[in-house]
Amino acid sequence: MSSAPARGLVLPVRRALPALVSVGVSSPSCVGLNEKSRLTAAVQRRSIHNSERMAIRSSDRRTNTIAELPTVDPTTQPPSSEPKSAPLSVLPLTMIVRSLLTTVVSSSPVLLLPSLRIMSLLANTHNPILNPDKNPLLRFFLKRTFYAQFCAGENPAEVRATISRLKNIGFSGVILGYAKEVVLSQEQAKAVAAEDQGVETAADITNEIEPWAHGTLETVALAEPGDYVALKFTGAGRLALFQLSQNSEPSPYLSKSIDAICALAKQRGVRLLFDAEQDALQDGIDSWTMTFARKYNTSPETATVYGTYQAYKKKTPAVIARHLAEAQEGGFSLGVKLVRGAYLGSDPRHCFWENQQGTDACYNGIAAAVLTRQWGPMVKGKGEFPSAHMVLATHNVESVRRARAICDAGGAKSGIAFAQLQGMADEVSCELVEAGHAKKASELPVFKYLVWGTTGECMKYLLRRAHENKDAVARTRSGRDAMWAELVRRCKTAVGFAA
């Protein structure tokens with residue numbers, strides 16, 4: 001395999017070097033910490049090496065027998081108690097109104113289907129008139145509606161302001177992602193695999209890998225210690241797509257870029273979530289994720305690299321069991337981000353469980369196994385359960401309450417963080433925030449996932465969010481009703497009819 005000139009291979013590391021040395025970047029082209037944060041960075045880094053202090057850990061003791069579950073099995077009996085106050089009261093009025101309008105559209109078949117067609121056109125167009133980054137009127141409308149609902153900002157200043165607002169509301173932090181990505185149709189995925197690729201060229205580096213690496217390093221620098229950064233390997237371009245589709249190792253420059261991102265994240269106390277993507281690429285993504293997990297997840301107390309596991313796939317229990325066995329044998333921690341999945345429209349149907357009940361059982365079974373560090377019927381294994389840390393990324397209130405029940409019963413052995421998408425499932429997120437406040441401790445760490453980038457770069461992300469709402473109409477209607485009830489409550493309070 002030929003490669004670019006040697007001076008090109010070290011560029012991502014050189015770009016990351018100021019941040020790696022000083023945990024701050026003075027150049028205006030790369031975001032860093034300000035003077036005050038540099039003074040406190042050492043203290044923050046020291047505390048974040050035990051970053052799971054924000055996570056629920058009732059015991060550090062590893063277990064491997066189902067008999068040690070709590071007497072009341074919370075994996076089958078979620079708590080029935082509902083929040084007694086108004087969790088959504090922590091949100092500003094603008095977020096309530098915008099969420100209500102968004103969920104009204106998402107929960108209406110009459111409005112949603114044409115909206116999806118329009119968003120699909122905007123996300124995949126080559127017409128400059130339909131490109132928000134080139135059409136100022138279109139950008140103005142989208143920036144203040146759908147973009148504001150789901151995204152962090154177009155530049156570092158906007159991103160920092162959004163993160164500050166969310167933390168002031170009561171969220172533990174954010175999961176921040178860089179918006180640039182590539183989404184393939186099944187025909188395109190086959191075409192990529194058939195092409196004679198695999199040779200890293202100067203054009204690949206300059207036009208695709210380097211912009212992605214630089215943007216991701218900026219994202220790590222924007223995140224604060226204790227936060228997460230989500231990244232998609234497909235953002236690195238066509239060469240990465242080919243290598244992932246072939247389940248081959250990343251090219252030299254791309255490998256150094258990923259390594260520089262991991263090194264900066266570990267030094268800053270930021271955790272990385274390597275996103276799952278389409279099924280044609282997932283085996284390659286899993287291989288790359290485990291390679292860097294072995295290198296950077298060396299402490300049992302925390303994980304820097306997390307893989308993403310999609311519960312709507314029938315093979316996921318076997319995949320996570322295999323990865324746990326590798327972590328057990330290799331003596332490293334496994335970082336688990338557990339999701340239901342977001343590629344129903346592009347992945348082959350035979351990959352999925354036959355119905356929603358199958359997906360739910362898979363999700364809740366994996367969550368219980370990892371959280372309690374116990375093998376079971378969903379995640380099978382032998383010997384001592386390895387060190388694991390989990391991000392429970394779900395909008396399903398029952399799954400959240402099942403995990404909370406395990407924690408309340410004293411069964412949690414792994415670090416856990418709850419996560420929902422910004423602009424969605426706020427009633428679930430705010431219930432967790434309220435529960436954490438009621439305990440007067442950060443025992444229920446809650447994070448909001450959002451991306452940053454130009455309005456045009458974020459369109460594919462926004463389109464996936466719209467499709468997710470389409471596939472979960474009942475949940476979307478629940479969110480709509482919750483937002484409406486909160487708006488009515490505030491109106492009554494304003495005129496003296498409610499406390």
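Where does Asn247 lie? Asn247 is found in the loop between α11 and α12 (252-268), where helices (H or I, at least four residues) and strands (E, at least two) are DSSP runs numbered from the N terminus. The model is predicted, so that local features need pLDDT of at least 70 and side-chain atom pairs count only at pLDDT 80 or more, whereas totals for chains, interfaces and linings use all residues. Residues are numbered from 1 along each chain as its sequence is written, and side-chain values use heavy atoms, with hydrogens and water left out.

The protein contains 19 helices and nine strands. Of its 499 residues, 54% count as buried (under 20% relative accessible area; exposed is over 50% and partly exposed in between, with a 1.4 Å probe and protein chains only).

Helix α11 (residues 238-245) and helix α13 (residues 279-296) have axes that come within 7 Å and cross at roughly 90 degrees; axes are lines fitted to C-alpha atoms over the stretch in contact, with angles from 0 to 180 degrees between N-to-C directions. The two helices are therefore roughly perpendicular (65 to 115 degrees). In α11, Ala240, Leu241, Gln243, Leu244 and Ser245 meet Ala280, Leu281, Gly284, Ile285 and Trp288 of α13, contact being heavy atoms within 4.5 Å.

Most residues other than glycine have a negative phi. Asn247, although not a glycine, has a positive phi of about 55 degrees, and at 40% relative accessibility Asn247 is partly exposed. Ala425 likewise has a positive phi of about 55 degrees. Ala425 lies in the loop between β8 (415-421) and α17 (426-438) and is buried, with a relative accessible area of 13%.

Methods
Parallel < 35°, antiparallel > 145°, perpendicular 65-115°, else oblique.
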